[in-house]
Amino acid sequence: MRSDIFAFPRLSRRFFPIWQRNFLVWRKIAAASVIGHIADPMIYLIGLGYGLGSLVPEMGGTSYMLFLAGGTVCYSTMNSASFEALYSGFARMHEQRTWEAILNTPVTLDDIVLSEVLWAATKSLMAGSAVLGVIWLFGLSHTWLSLWAIPLALLVGLCFAGMGLVMTALAPSYDFFLYYFTLVITPMMMLCGVFFPVAQLPPALQTLSALLPLSHAIDLARPLLSGTVPAQAGLHLAVLIAYALAGYYLSLVLFRRRLGR
Amino acid sequence: MRGNDILRWVAAVSVVIRADKLRKAYASQTVVDGLDLSIRRGECYGLLGPNGAGKTTTLRLLLGLITPDAGELSLLGEPVPERAREARVKVGVVPQMDNLDPDFTVAENLLVYGRYFGMKDTEIEARIPALLEFANLSHKRDAKVPTLSGGMKRRLTLARALVNDPDIIFLDEPTTGLDPQARHLIWQRLRELTAQGKTLLLTTHFMDEAERLCHRLAVMDHGRLITEGSPRELIAQNIEPQVVEVFGEGVEAWSAQHAAGYSARFEQSGETVFCYAADPAPLLAHLHGHPTLRYLHRPANLEDVFLKLTGREMRE
């Protein structure tokens, strides 16, 4: 049934009880999760912000602290969707057989994959909001435009949820995810301008950077935090949406191939 | 309509699971090979077979979770897999491996599962006390799943399969890994479900389970039904009514010389010779003359049928 696995995603509201299930699990460990969402960016902001910030008074036209804040919103958001889609998603699909239980009900694999994407993006939304809270708490950003970082976190979450689920659909075990983190996530952190401007990189790497979704997320987040409307916002949004849709569809095809035969 | 037509019409309506020349292959291996099934409303139907016979794949095909390579399927009158989702609204499943939500309590497991059927929270919560009572878990309502024993987890899985008040319940090896006490409790509950008019389709490789619970059963091997009928019919049709198991020192020599003469059919498995006969009296009298041999005389059972039909060699 090759044509079947490539079918257009069958969207329905039946994804919602699965999202609710994941939310109920999250609520039981909410305290630890929120502390993680807040502590992780604070460690970067305090450590690198004060440590490097005193040596580098200004970067990209703002304080180094604020420069770093823009990178950290996106990086944190990327990480939470990725961890959720990879490790927690794999646990639900494979280890705990949660999907198997759900598939015996009138819910389909398409509903499950949609719920996974949306749930991982929800985790990004939480992480992004937490970082934004820290940024406000530190008094780094004073503009209403910074509120746009919240929907941006959701979009970045959708983008990395889709990409992460592709890995989950292919993974034989948890060990497989190390490749993704070592070869995709960590390089992106270095190539996409989290800690320093992409312009510092040699031209070939700059070209590579322009193809990566995290660069586009940061190009949107950084101006928003310092109170300017991002240049080429349409292009950046389009890249993120394209990654999100492609990742979602590809993961759905791979999950259908893995589980539906 | 004439009487015969009415009978035929009633039979057609009352068939709730039907498979017609069902086929499923993985790579070069045919797992389900031209299977025909017809299961009636209110029946407890057992699928027996050694490991790898195709039982679980058959259940997954019937539920519409995988697509057959050939054949026709219907579940509660809905064509499968096309409208399997709609059919599953009225189906409950007890899977082979526990897949309860370990992060949740007993009651939360039922609530969360009921939502997948589109049920409202109030509707599910109203059903929970009765489900817990049925599963003997009322006192464990707020216990987390990892603290439950194996038997309790199985009972919770059964309760979860009933949350939507299904017409049909699929049970894939429902008592594997349970101790005898836990197993008897599950059997009692399954009989209650049958008494309520539910249709049960269960796979097992416990012959006593099949013999006790099933109205009809089928022995399956290599993806095909080898035989089908009530437990008594299967025994009557396939095997001599009496069995004498002979074992002890010198059984091999004895078997080579005498077994064929005193039984209609005999089989050697390990250190035991199984002698099947309609009248075992001559054999028993003969065995009195061999004091080193020990024996066990019993009526033939489903296990004898199963081993005759599927062979005694290990399946791995």
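The following dialogue explains how the features of this predicted model are named and judged.

Modeller: Residues are numbered from 1 along each chain as its sequence is written, and chains are lettered from A and ligands numbered from 1 in the order in which they are written. The model is predicted, and local features need pLDDT of at least 70, side-chain atom pairs count only at pLDDT 80 or more, while totals for chains, interfaces and linings use all residues.

Biologist: How many helices and strands are there in chain A, and what makes a run of residues one or the other?

Modeller: Chain A has 11 helices and 2 strands. Both are DSSP runs numbered from the N terminus: a helix is H or I with at least four residues, and a strand is E with at least two. From the N terminus on, the order in chain A is α-α-α-β-β-α-α-α-α-α-α-α-α.

Biologist: Why does the radius of gyration of chain A agree with that of a compact globule?

Modeller: The radius of gyration is taken over C-alpha atoms, and the globule rule is 2.2 Å times the number of residues to the power 0.38. For 261 residues the rule gives a value near 18 Å, and chain A has 19 Å, so the two agree. Along the principal axes, the C-alpha atoms of chain A fill a box of roughly 60 × 40 × 35 Å.

Biologist: Why are α6(A) and α7(A) called oblique to each other?

Modeller: Two packed helices are described by the angle between their axes and the distance between the axes. Axes are lines fitted to C-alpha atoms, for helices over the stretch in contact, and angles run from 0 to 180 degrees between N-to-C directions. Helix α6 (residues 109-137) of chain A and helix α7 (residues 149-170) of chain A pack at about 140°, with axes 7 Å apart. Angles under 35 degrees count as roughly parallel, over 145 as roughly antiparallel, 65 to 115 as roughly perpendicular and the rest as oblique. The pair α6(A) and α7(A) is therefore oblique.

Biologist: Which hand does the crossing of α6(A) and α7(A) have, and which residues meet there?

Modeller: The crossing of α6(A) and α7(A) is right-handed; a crossing is left-handed if the near helix is turned anticlockwise from the far one by less than a right angle, and right-handed if clockwise. Residues in contact have C-beta atoms, placed from the backbone, within 7 Å. Among those of α6(A) are A:V113, A:A120 and A:L132, and those of α7(A) include A:I150, A:G157 and A:L165. The contact of α6(A) with α7(A) has 15 nonpolar, 6 polar and 2 charged residues. Here Ala, Val, Leu, Ile, Met, Phe, Trp, Tyr, Cys and Pro count as nonpolar, Asp, Glu, Lys and Arg as charged, and the others, Gly among them, as polar.

Biologist: What makes α3(A) roughly antiparallel to α4(A)?

Modeller: The axes of helix α3 (residues 30-53) of chain A and helix α4 (residues 64-95) of chain A come within 10 Å and cross at roughly 150°. That angle makes α3(A) roughly antiparallel to α4(A). The crossing of α3(A) and α4(A) is right-handed. The contact includes A:Y44 and A:L48 of α3(A) and A:L68 and A:T72 of α4(A). By class, the contact of α3(A) with α4(A) has 9 nonpolar, 4 polar and 1 charged residues.

Biologist: How do you know that β1 and β2 of chain B pair?

Modeller: Two strands pair if DSSP finds at least two bridges between them. Strand β1 (residues 15-26) of chain B and strand β2 (residues 29-40) of chain B have 9 bridges, in the antiparallel sense. One of the bridges joins B:L22 to B:L35 in β2(B). The strands β1(B) and β2(B) form a hairpin with 2 residues between them, and B:A27 in the turn has a positive phi of about 50°.

Biologist: What makes β6 and β10 of chain B edge strands?

Modeller: In chain B, an open sheet of 6 strands has the order β6-β7-β8-β3-β9-β10, with mixed pairing. Strands β6 (91-94) and β10 (224-229) of chain B each pair on one side only. The twist averages 15° from one strand to the next. Within chain B, strand β3 (residues 44-48) and strand β8 (residues 199-204) run parallel, joined by 5 bridges.

Biologist: How many residues does each chain give to the contact between chain A and chain B?

Modeller: Chain A gives 22 residues and chain B gives 20 residues. On the side of chain A that touches chain B, α2(A) gives the most, with 6 residues. That side of chain A divides into 9 nonpolar, 7 polar and 6 charged residues.

Terms used: Two residues are in contact if their C-beta atoms, placed from the backbone, lie within 7 Å.
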